[in-house]
Amino acid sequence: MEVTSSKKEIWTMGSYSLLTLAIMVGFMYLNTFATEVLVIPAGTLAVALGVAKFLDFCFSLFAGAIIEKVKIGKTGKNQSWLYLGRWILAVSIMAEVCNTSSAPMVVRVAVLAVSYTVLNCLMNILQTAYYGVLAAVAGPNMSNRNAMTVNMTRQSTVITIICSFIPTLVTVLPFGNWNYFIVAFVFMIPMPFALGAIAKCADGKDVPVGATASVNQVSIGDMFGTLLKNPQMLVLFLVFTILYIAQFTYQANYTYYFIYVVGDFTKLTFVTLINAIVGFLAAMVMPKLGAKLGKKMSCVFGFLLMSIALILVSFFGAPNGVPNLTAYIILMSLMMAGTYTWMPYMVVLYLDAGEYFLYKTGKDTRAIAAGLASPPMKIGMTVGNTLGLALLSAIGFVSGGAFEINTAWISNFMRVTFMLPGLIYLASAIILLVFYKISDKDAAKYAQANAEKMLQSK
């Protein structure tokens, strides 16, 4: 099927990548900002963000229902949320990294936690609304949808390179504790205009609230009922929940490697830039390797690469307390290669498990399968970030650097920040290898048989 969408539509829909640019300061460096600028204790931050992330997870389960049932404007149901939500999102982005360091501790924690909660809960709606607009603009032509998402991915590679300069910008700009706020503000500026243009693309195509029946809408009970009845789906849910716990445990603390072990936060820019380039190359090459291994073994192999990389970083990233950036860069490049080996196949594995369940039971839960790919990330974000900050506090970290940085502390830091997540990645690889039983050949057989049954039933 040929692409029928215009180049303008394809590029406009791809500009959703600018939302990533807008939120990246807070998404990647919020813990650093909170402990180094606001001097919020790591334990306090863990509790505050743990509660916020739990609320975010709960809210994510209702995002689709809110869009379907809540009318907020005169345009289409998805358009309206993009038009209004972009401005609330902009305020939340600013508030999240606002310099409240002179305010009482309770105010600092409250402003950060509330803005973080609003931002992330709103993101659940905006992302869902974006995919609704994309479906409306692209229509039933899958080539249109693929062209738009591929364009967005390509734009995202440029965004990733830009974002690699954040550590340097927030360090060298002359605005002191307002550096994070200034960078976030500048990076945020294109976002409202991009979301507005995306919403406008759906004029006359996105239907208003109530214009379509919602009797077939999937409920939360449907989602988790399916999960409990489908053993292969349950394995995937468990595996990717564990995987994301590892990812966010690592992400919670890795910036402190540059602040306290290397002693120069700006060097994170160089490392991140190299990783971004490696990630781009890996995105071109590793899926081809994955296609030969099969979906299951691609994920197992990718998980193992990430596990090996982080475990080796814990040994060679700072041997005897002395930072080794060369080893760190090489090993984290290996981790990026592992990431792009499994990432293209995650949602497809969920769809395969849906085909398996229909083939075995005659009950069609395939529409629910893709939706079950999202909660593991939310759970992993909640548990992983909280665990990472709690462990950081447990090894003697004090916000603002008011603690002794010696060989013993660095050794403990490398264990909790790199070795522990690496071992958790290893656990996810073993569980997937042992308990997931659907081969690519099986999945193809199930899908073909299910398609034939559907044709016969018409």
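This is a predicted model: local features need pLDDT of at least 70, side-chain atom pairs count only at pLDDT 80 or more; totals for chains, interfaces and linings use all residues.
User: Which residues touch the most other members of the largest nonpolar core?

Analyst: A nonpolar core is a set of buried (under 20% relative accessible area, 1.4 Å probe, protein chains only) Ala, Val, Leu, Ile, Met, Phe, Trp, Tyr and Cys residues joined through side-chain atoms within 4.5 Å. Here the largest has 137 residues, and Ile93, Phe240, Tyr257, Phe303, Tyr328 and Phe413 touch the most other members. Helix 6 (residues 105-138) gives the most to this core, 15 residues; helices are DSSP runs (H or I, at least four residues), numbered from the N terminus.

User: How is empty space found?

Analyst: Rolling a probe the size of a water molecule over the atoms shows where space is left. On a 1 Å grid over the protein atoms alone, a cavity is a set of points where a 1.4 Å probe fits but cannot get out; lining residues have an atom within 4 Å of a point. The structure holds 1 cavity of 30 Å³ or more, and the largest cavity has about 200 Å³ of space, the volume being that filled by probe spheres set on the points, joined across faces, edges and corners.

User: What lines the largest cavity?

Analyst: There are 15 lining residues, with Gly26, Phe27, Lys53, Tyr116 and Asn385 nearest the centre. Helix 2 gives the most to this lining, with 6 residues.

Technical notes. Residues are numbered from 1 along each chain as its sequence is written. Side-chain values use heavy atoms; hydrogens and water are left out. Buried means under 20% relative accessible area, exposed over 50%, partly exposed in between (1.4 Å probe, protein chains only). Helices (H or I, at least four residues) and strands (E, at least two) are DSSP runs, numbered from the N terminus. On a 1 Å grid over the protein atoms alone, a cavity is a set of points where a 1.4 Å probe fits but cannot get out, and a pocket is an open set with protein on both sides within 12 Å along at least five of seven lines; lining residues have an atom within 4 Å of a point.
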